[in-house]
Amino acid sequence: MNELDKQISMLDSINKRLVKDSKILKLICDTSNSAFLYYNFEEDSVQTIANWDYFFDFKITEHKDFYKFYDCVEEKYTSPLRETLYIEKRGLKSSTIDVKMKGSRMWLEVESDIIYDDDMHPVEKIIRFKDVTKFNSQNDELTYMAYYDLLTGLYNRNYFVRLLGEFVNRAKENDKKVAVMFLDLDDFRKMNDSLGIIVGDEIVQIFGQFLSELACENVIVSHFSSDLYCIGIYDPCGDFSVDAICRKIFKRSEKPYKLSSGRNLTLTVSIGVAEYPEASTTALELINCAEIVMIGAKTNGKGRVQYFDGSILEEFLKNSKIDNKLKEVDFSQNFVMYFQPQFHTTDKMLRGVEALIRWKDESGKMIRPDVFIPIAEKNGTIVPIGTWIMEESIRIYAGWKQKYHYPMLLSLNVSAIQYKQPDFIDNLINILDKYGVSPCEIELEITESILIDDFKEIIEKLAVLRNKGIKISLDDFGTGYSSLSYLKGLPIDTLKIDKTFIDTVITDENTRIITESIIYMVKRLGLETIAEGVETQEQFDFLNAIDCDNIQGYYLGKPMPPEGIEELIEKVHG
Ligand code: C2E
Ligand code: CA
Ligand code: CA
């Protein structure tokens with residue numbers, strides 16, 4: 001072969017390779033669900049690539065056509081979009097924003113990347129447009145769910161507590177009153193059992209619809225759960241006094257409600273009322289007081305209203321068996337700590353354990369933590385119990401550490417009341433010192449209820465804990481007023497997606513999409529994710545597929561005594 005033939009053959013093979021590469025590149029672009037815009041600064045040339053027509057009904061052939069973008073996105077996004085398109089002016093390398101398209105519900109992610117020469121002059125720029133509608137519109141839906149109850153369309157509990165807190169603050173400033181009315185439908189359980197839960201749901205909706213008509217600027221209405229509703233009134237007087245609203249409710253109870261089946265049903269309701277400032281000075285306590293006197297109204301004969309007075313509260317607490325038992329319980333005799341393992345999703349290695357308390361009373365009866373912890377929170381015993389839980393869990397954890405040297409986290413549930421104690425952090429640090437455990441090995445699980453009162457102070461405290469290396473995890477995400485946008489400002493490391501999502505993630509398409517978008521977004525915020533209550537392989541596989549970082553649930557491990565965790569460490573990690 002002469003020299004020329006050699007060169008021709010070489011060029012031919014290079015050419016083939018280039019054709020192949022460009023085919024692959026085109027395939028990648030076409031299937032990427034994106035459009036690209038390439039701009040060469042030196043040649044001042046512009047080229048559009050991939051699915052351009054899917055996104056835009058105009059062409060871009062030169063740099064000055066860029067203005068056409070501003071006509072197609074909603075006005076408030078034009079300024080950030082401009083910055084992303086002309087990013088070289090800021091000397092930045094890359095930038096990403098989401099913009100909403102005009103006239104359609106499409107959301108675009110616009111990402112711009114620049115290549116500079118050695119003298120830092122921009123040479124080439126690539127702008128990618130990606131359809132992220134799926135994730136952003138789910139965020140809208142999520143925000144709705146965060147504030148409203150899906151069944152009735154009324155405010156949900158957590159958001160109501162927040163609004164009520166605002167009423168109380170306003171009343172403090174203006175020397176006004178706030179009334180809280182706690183409502184419970186009479187005989188609802190009986191109706192539910194005899195007519196079925198679908199009719200039960202309809203009853204809850206119909207009554208919610210009636211209550212929603214009472215709402216106005218100074219009256220907020222919420223559906224808490226099942227057949228429980230709560231109304232908050234700022235500066236109750238005239239048509240909006242408690243008496244006037246009670247009269248409307250009782251008057252309505254005289255007439256039957258019509259169900260979709262044609263059946264007529266009469267509903268009566270028991271109401272408990274507590275007022276700021278007499279009953280309490282915080283939103284949560286006002287609700288508690290109103291609930292307690294509502295129970296009094298029921299026992300005194302249903303279909304009536306009961307106003308709060310101090311003796312009712314005392315009576316209630318005195319009569320509450322658990323409440324009394326809690327005050328006498330011998331911690332080390334009757335409480336034990338169980339631990340539930342948490343696993344990394346990808347390799348099923350142990351990430352850590354969550355400490356969960358168990359109470360066996362003298363008669364050997366188990367009392368569930370979700371029953372007695374709320375009572376302990378009400379009567380204040382949660383503070384010493386919480387300290388005991390911290391010490392006992394950390395003591396056991398330190399034993400494992402010494403024996404196995406296996407790196408894992410200890411997650412502790414911290415209740416709002418406990419967290420608010422001024423010596424909470426010092427206490428925790430002292431216990432850690434005592435057992436030689438580093439703050440980096442501890443994760444505190446908090447719920448959004450912590451954030452309701454005095455937000456600023458709570459956040460500062462979280463920051464102090466994190467500075468010491470302690471991780472913060474937001475528990476039960478999705479059950480409260482949690483919106484993704486408010487997560488952005490929270491000093492937290494981990495997010496636990498509540499079991500209620502996982503329960504229906506396989507059977508309900510909506511939940512599936514929402515869970516996927518939560519994980520997608522939360523990871524973008526740089527947080528770690530844990531799914532709670534994972535019970536089946538199907539749920540596990542789905543969560544693995546959508547990149548949820550960690551898994552906790554009966555599928556991989558129930559809460560167990562410390563020996564169970566030891567066995568687990570030995571089995572999995574020698
Ligand atoms: P939580 O913090 O959300 O704890 C998770 C609960 O879900 C635990 O119930 C656990 O046993 C249960 N669980 C975990 N995986 C599964 C699953 O796959 N299926 C089902 N059906 N359930 C699962 P537990 O231990 O009864 O605790 C209930 C609640 O009591 C906790 O909810 C927490 O709010 C409170 N609690 C428990 N221990 C403590 C504690 O030490 N301190 C404080 N402050 N609260 C605690
Ligand atoms: Ca927890
Ligand atoms: Ca939880």
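Hi everyone, let's start in the sheet: strand β19 (residues 494-497) and strand β20 (residues 528-531) run parallel and are joined by 4 bridges. Strands here are DSSP runs of E with at least two residues, helices are runs of H or I with at least four, and both are numbered from the N terminus. Two strands pair if DSSP finds at least two bridges between them.

Before I go on, this is a predicted model, where local features need pLDDT of at least 70 and side-chain atom pairs count only at pLDDT 80 or more, while totals for chains, interfaces and linings use all residues. Residues are numbered from 1 along each chain as its sequence is written, chains are lettered from A and ligands numbered from 1 in the order in which they are written, and side-chain values use heavy atoms, leaving out hydrogens and water.

Back to our strands. K496 has I530 in β20 as its bridge partner. Which way do the residues of β19 point? T494 and K496 point one way, L495 and I497 the other, and all are buried. Buried means under 20% relative accessible area, exposed means over 50%, and partly exposed is in between (1.4 Å probe, protein chains only).

Now for the calcium ions. Which residues hold the calcium ion (ligand 2)? Its protein donors are E354 (OE), N413 (OD1), E445 (OE) and D475 (OD), at 2.2 to 2.3 Å. Donors are N, O and S atoms within 2.8 Å of the metal (3.2 Å for Na, K and Ca), and because water is not among the atoms, sites may look incomplete. Along the chain, these donors follow the spacing E-x58-N-x31-E-x29-D. E354 sits in strand β14 (residues 350-360) and D475 in strand β18 (residues 471-477), so this pair ties together parts 121 residues apart in sequence.

The calcium ion (ligand 3) is coordinated by D475 (OD), D476 (OD) and two entries for E532 (OE), at 2.1 to 2.6 Å. The spacing here is D-D-x55-E.

Are these aspartates buried or exposed? D475 counts as buried because its relative accessibility is 7%, whereas D476, at 27%, is partly exposed. E354 is buried too.
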